[in-house]
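Here's a quick briefing to read alongside the model. Keep the viewer open and follow along.

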Amino acid sequence: MTTERALVIGGGGVAGISWATGIIAGLADAGVDVTGADLLLGTSAGANVAAQVGSGLELAELVRRQVDPTVQSREIVPSMEKFAGLWETLAAIIEELRADSVERRRRIGALALTTESVPEPERRAVIETRLPVHEWSDRDVRITAVNAETGELRVFDKDSGVGLVDAVTASSAVPMVWPCATIDGARYTDGGVRTSVNADLATGYARVLVIAPMPDEELEGQVAGLVAAGARVEVIAPDEATTAAFGLNPLDTATRVPALEAGHAQGKAEADRVAALWRN
């Protein structure tokens, strides 16, 4: 038996949070409100957006929290050199271990555990400022993370016994940039270490909208799997304007406003396609 609608939001840094928020707002302004999805599934940046949408805060206020300096989250911006090094290292590991995803996740997790970063409490405090509500709601919100030592996927929800802030902090722990998050003695790294979107975790839902801020080589196969299981699926990926707004470092806070604006415009442009999925 299928459940009805799932909203799946992938990773993409600070820019990805703003862009996905803009997409959702643009859709709503065009008459397609996807915030009432039965499942809100988030990875990394998407974990933040899923938690924000699940908080019950008005969409206009979520938008304001991305663009108004008086209420924006207090971010730490990593150097461009560190960010560029991340991509080079990850690309090499993925190429070497393309056929063994668990070993690949372990290898990346080992690097995440040993790379010097800011203290864990300092990074967690950033997530606290991102989330308007720090407790799980009654909504079905699911947050992905990867055990940095074992490579195993962990999906947190309101019944997992883990606090919302801790779950989102773990999911957002970009390896080799931010520290692994410690939860019940285990160390967790970014949920995007498995795949950037983890759309396959929405299996069992009849209608799936995927918002994918960053490229994900696994996404096409995951979408095919969802369709084979009986789902209708639509994917929104960055258009040319969004790619320009993200720039070279999507972890840079300077991307927030342009990414939000690009997402809002793209959401409005995608409204008819999404409406056909969401309403029919």
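This is a predicted model: local features need pLDDT of at least 70, side-chain atom pairs count only at pLDDT 80 or more; totals for chains, interfaces and linings use all residues.

**The chain as a whole**

- Of the 280 residues in the protein chain, 53% are buried.
- Take the contacts between residues at least 6 apart in sequence: 76% of them join residues at least 24 apart.
- The accessible surface of the chain is about 11500 Å², and carbon and sulfur atoms account for 51% of that.
- On the charge side, there are 25 positive and 40 negative charges, and their mean positions sit 3 Å apart.

**The nonpolar cores**

- In soluble globular proteins, nonpolar side chains tend to be buried together.
- Here, the largest nonpolar core has 52 residues.
- The residues with the most contacts inside that core are Leu 7, Ile 24, Leu 27, Val 34, Ile 143, Phe 156 and Leu 209.
- Helix H1 (residues 13-29) supplies the largest share of this core, with 8 residues.
- Apart from this core lies another one, of 16 residues, and Val 8, Leu 41, Val 197 and Ala 202 are among them.

**Helix H1 and Ala 15**

- Ala 15 is a residue of helix H1, and with 0% relative accessibility it counts as buried.
- Not counting residues up to four places away in sequence, Ala 15 touches Phe 246, Pro 250, Thr 255 and Ala 259.
- Ala 15 and Asp 140 are 125 residues apart along the chain, and their C-alpha atoms are separated by 25 Å.

- Leu 39 lies in strand S2 (residues 39-43) and is buried, at 0% relative accessibility.
- Leaving aside neighbours within four places in sequence, Leu 39 is in contact with Arg 5, Ala 6, Leu 7, Asp 140, Arg 142, Ala 202 and Tyr 205.
- Leu 39 and Ala 50 are 11 residues apart in sequence, and 9.2 Å lies between their C-alpha atoms.
- Ser 44 is in the loop between S2 and H2, and its relative accessible area of 7% is under the 20% cut-off, so Ser 44 counts as buried.
- In helix H2 (residues 45-54), 10 of the 10 residues are buried, so the helix is largely enclosed by the rest of the structure.
- Among the buried residues of H2 are Asn 48 and Gln 52, along with Val 49 and Val 53.
- After H2 comes Gly 56, which has a positive phi, near 90°.

- Most residues other than glycine have a negative phi.
- Ser 44 has a positive phi, near 55°.
- Met 176 also has a positive phi, near 70°.
- Where is Met 176? The loop between helix H7 (164-171) and strand S5 (181-183) holds Met 176, which is buried at 11% relative accessibility.

**Leu 153 in strand S4**

- Is Leu 153 buried or partly exposed? Its relative accessibility is 28%, so Leu 153 counts as partly exposed.
- Leu 153 belongs to strand S4 (residues 153-156).
- Neighbours within four places in sequence aside, Leu 153 is in contact with Thr 144, Ala 145, Arg 194 and Leu 201.
- Leu 153 and Ala 28 are 125 residues apart in sequence and 32 Å apart in space, C-alpha to C-alpha.

Technical notes:
Residues are numbered from 1 along each chain as its sequence is written. Side-chain values use heavy atoms; hydrogens and water are left out. A nonpolar core is a set of buried Ala, Val, Leu, Ile, Met, Phe, Trp, Tyr and Cys residues joined through side-chain atoms within 4.5 Å. Buried means under 20% relative accessible area, exposed over 50%, partly exposed in between (1.4 Å probe, protein chains only). Helices (H or I, at least four residues) and strands (E, at least two) are DSSP runs, numbered from the N terminus. Contact means heavy atoms within 4.5 Å. Accessible areas come from the Shrake-Rupley method with a 1.4 Å probe; for residues, only the protein chains shown count as cover. Lys and Arg count as positive and Asp and Glu as negative; His and the chain ends are not counted. The place of a charge is taken as NZ of Lys, CZ of Arg, CG of Asp or CD of Glu.
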